[in-house]
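Subject: Structure for you to look at

Hello,

Here is the structure I said I would pass on. My notes on what was found in it follow below.

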Amino acid sequence: MPTSPTTVLIVGSGPTGLTLAIDLARRAVDVTIIDKTPQFPRSSRAKGPNARSLEVLEDLGVIEEVLAAGSAPLPMRKYRGGVAIADADPFADVHPTPDSPYARPRTVAQWRLEEVLRDRLATYGVRVGLGRELVGLTEGDTSVTATLADGGEIEARYVVGCDGGHSAVRKLLGVPFEGKTDETQAMVCGDVEAEGPDRGFWHQWFDEDGAVMLCPIPGTRSGWWFQAGPETDASGTPVPPSLASFQRLFAKHTGLPGTLLSQATLLSTYRVNERMVDRYRVGRVFLAGDAAHVHSIAGGLGMNTGIQDAYNLGWKLARVASGQADPALLDTYEEERLPVAAGVLDLSAERLRATMEAIKKPGGGLDSAVTPQTRNPGDGYPWSSLARLGATSRLRAGDRAPDAPCRDMATGTPRRLFEAFAGPHFTLLGFGAGTATALREASAAHEGELLAYGVDAGTTHGLADDGHARSAYGIGPGEDLLVLIRPDSHIGLITRPGNLGTVGEYLRAAALERA
């Protein structure tokens with residue numbers, strides 16, 4: 001049966017789809033989100049959000065819940081022949097800084113993260129429609145009609161496929177998913193109940209003839225995420241995952257009783273896939289997350305890249321749907337995110353090779369997959385047509401906008417820049433007293449879509465810099481500059497207060513050529 005028309009239909013309710021749905025709903029965009037599964041999955045799968053994704057989750061208003069649901073990344077205990085021979089903490093030397101408050105990722109079971117996001121989405125009156133499988137897409141002049149397996153239809157102005165590596169949206173669009181699958185690199189996975197191992201470590205038993213990895217699931221008493229090289233039968237064919245197989249693998253590599261494992265659920269076989277699309281948009285339909293790119297799990301970049309896809313797309317869809325921006329703004333989603341996906345694919349492939357080499361030797365482990373690049377890939381979009389103009393000694397237009405601790409000039413209470421950025425608006429920072437007039441004019445001209453803050457500028461919304469803001473933004477003492485921050489916390493432009501007109505031009509987003 002037909003469903004009421006919607007502005008944006010999201011197909012897939014994993015972290016990517018939920019992030020996008022929240023971002024649209026908080027901007028008062030009518031959004032519908034569906035998933036073909038009859039019930040929400042309980043798989044732990046992805047290990048959790050990285051530093052950049054935690055910044056996104058703060059902006060969406062769920063950071064406290066996410067931090068409470070998870071734990072800091074655990075040190076890794078590595079074994080050979082069942083004997084512990086080395087511990088490693090790849091994040092031991094990583095600490096928060098004034099401009100980057102979430103230096104470490106957070107270990108959170110994917111099902112728990114999805115619960116937090118669904119709860120947030122429900123505050124906007126939006127809930128996931130389960131058991132609704134997409135089987136057809138027909139695009140008209142002003143909308144797309146989605147046909148469901150039960151015969152129902154949903155008419156939407158835009159459709160976004162966030163439905164994973166086997167994306168029905170991508171297949172219906174006929175978009176190629178070029179790349180390769182390495183059948184020789186397989187791993188069996190699942191959630192298990194286990195007793196015995198110390199829950200303060202991610203245990204990794206690597207031997208010449210196989211491996212077992214066991215990571216405790218935060219928020220559970222005895223839940224663990226199990227990964228292992230599969231058993232093979234007499235013909236060399238991998239044995240499907242099962243509790244009995246997990247118990248045999250565990251006993252073989254750990255020297256502990258296999259009966260310590262119980263209740264293996266959500267079993268799967270993972271093979272290394274390295275694939276991506278050559279375009280993120282076909283007319284009124286977009287792809288995001290695993291629907292657009294899949295790669296090695298090395299570095300834990302998959303879910304995070306999807307969350308950041310959604311964060312990039314959300315504000316653009318909202319502005320176009322509300323008539324605030326030219327539809328050409330939507331082309332910048334692919335322009336900005338496709339190169340990021342290509343870079344992540346290359347990075348994860350390189351880290352997988354490094355890890356496979358490392359584990360050949362005693363003491364090698366998954367810490368080899370962690371580098372400064374995997375901790376927080378993709379600092380910005382300096383190549384983008386939306387990176388209009390301007391630079392300082394530390395930043396360019398298109399870069400991620402740093403955080404910094406400040407103080408409210410009226411009350412003296414602490415206030416971070418990220419708190420000023422939070423929400424569906426653009427932010428104009430004015431550094432220096434010479435920006436006060438420009439900030440007042442910008443606030444009046446763009447009321448409702450822009451919030452202006454003066455940093456040591458003596459304005460109504462004034463922030464006192466405690467020495468970190470100017471440093472983070474590379475702005476010297478006594479220098480007057482305007483910095484326009486996009487709703488996804490990237491820098492749109494950097495300019496002098498005398499060039500205030502460029503701010504209005506940017507906000508209209510009608511002339512997308514580089515200024």
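A salt bridge, as the term is used here, is a side-chain nitrogen of Lys or Arg within 4 Å of a carboxyl oxygen of Asp or Glu. Before the findings, two remarks on the basis. This is a predicted model, in which local features need pLDDT of at least 70 and side-chain atom pairs count only at pLDDT 80 or more, while totals for chains, interfaces and linings use all residues. Residues are numbered from 1 along each chain as its sequence is written, and side-chain values use heavy atoms, with hydrogens and water left out.

Salt bridges

By that rule the count comes to 27 salt bridges. One of them joins the side chains of D309 and R337, at 2.7 Å from N to O. The two sit in distant parts of the chain, 28 residues apart: D309 belongs to helix α7 (residues 302–321) and R337 to helix α8 (residues 331–358). Helices (H or I, at least four residues) and strands (E, at least two) are DSSP runs, numbered from the N terminus. D309 is buried, with a relative accessible area of 0%, and R337 is buried as well, at 2%. Buried here means under 20% relative accessible area, exposed means over 50%, and partly exposed lies in between (1.4 Å probe, protein chains only).

A second salt bridge is formed by D209 and K252, at 3.3 Å from N to O. D209 is in the loop between β9 (202–207) and β10 (210–216), and K252 is in helix α6 (residues 243–254), 43 residues away. Both D209 and K252 are exposed.

R77 and D87 also meet in a salt bridge, at 2.9 Å from N to O. R77 lies in strand β3 (residues 76–80) and D87 in strand β4 (residues 83–88), so the pair ties together parts that are 10 residues apart in sequence. R77 is partly exposed, with a relative accessible area of 22%, and D87 is partly exposed at 44%. Elsewhere, D23, R26, R27 and D59 are linked in a network of salt bridges.

Nonpolar cores

A nonpolar core is a set of buried Ala, Val, Leu, Ile, Met, Phe, Trp, Tyr and Cys residues joined through side-chain atoms within 4.5 Å. The largest has 85 residues, of which V8, I10, L24, V160, L317 and L428 touch the most other members. Helix α7 gives this core its largest share, nine residues. Apart from it lies another core, of 22 residues, including C406, F431, A469 and I485.

The sheet

Seven strands form an open sheet with mixed pairing, in the order β17-β16-β20-β19-β18-β21-β22. Its edge strands are β17 (414–416) and β22 (491–495), each of which pairs on one side only. Two strands pair if DSSP finds at least two bridges between them. Within the sheet, β16 (residues 405–408) and β20 (residues 462–465) pair in the antiparallel sense over three bridges. C406 has D465 in β20 as its bridge partner.

A loop residue

G151 is found in the loop between β6 (144–148) and β7 (153–161). At 47% relative accessibility, G151 counts as partly exposed. The C-alpha atoms of G151 and E133, 18 residues apart along the chain, are separated by 9.9 Å.

Regards
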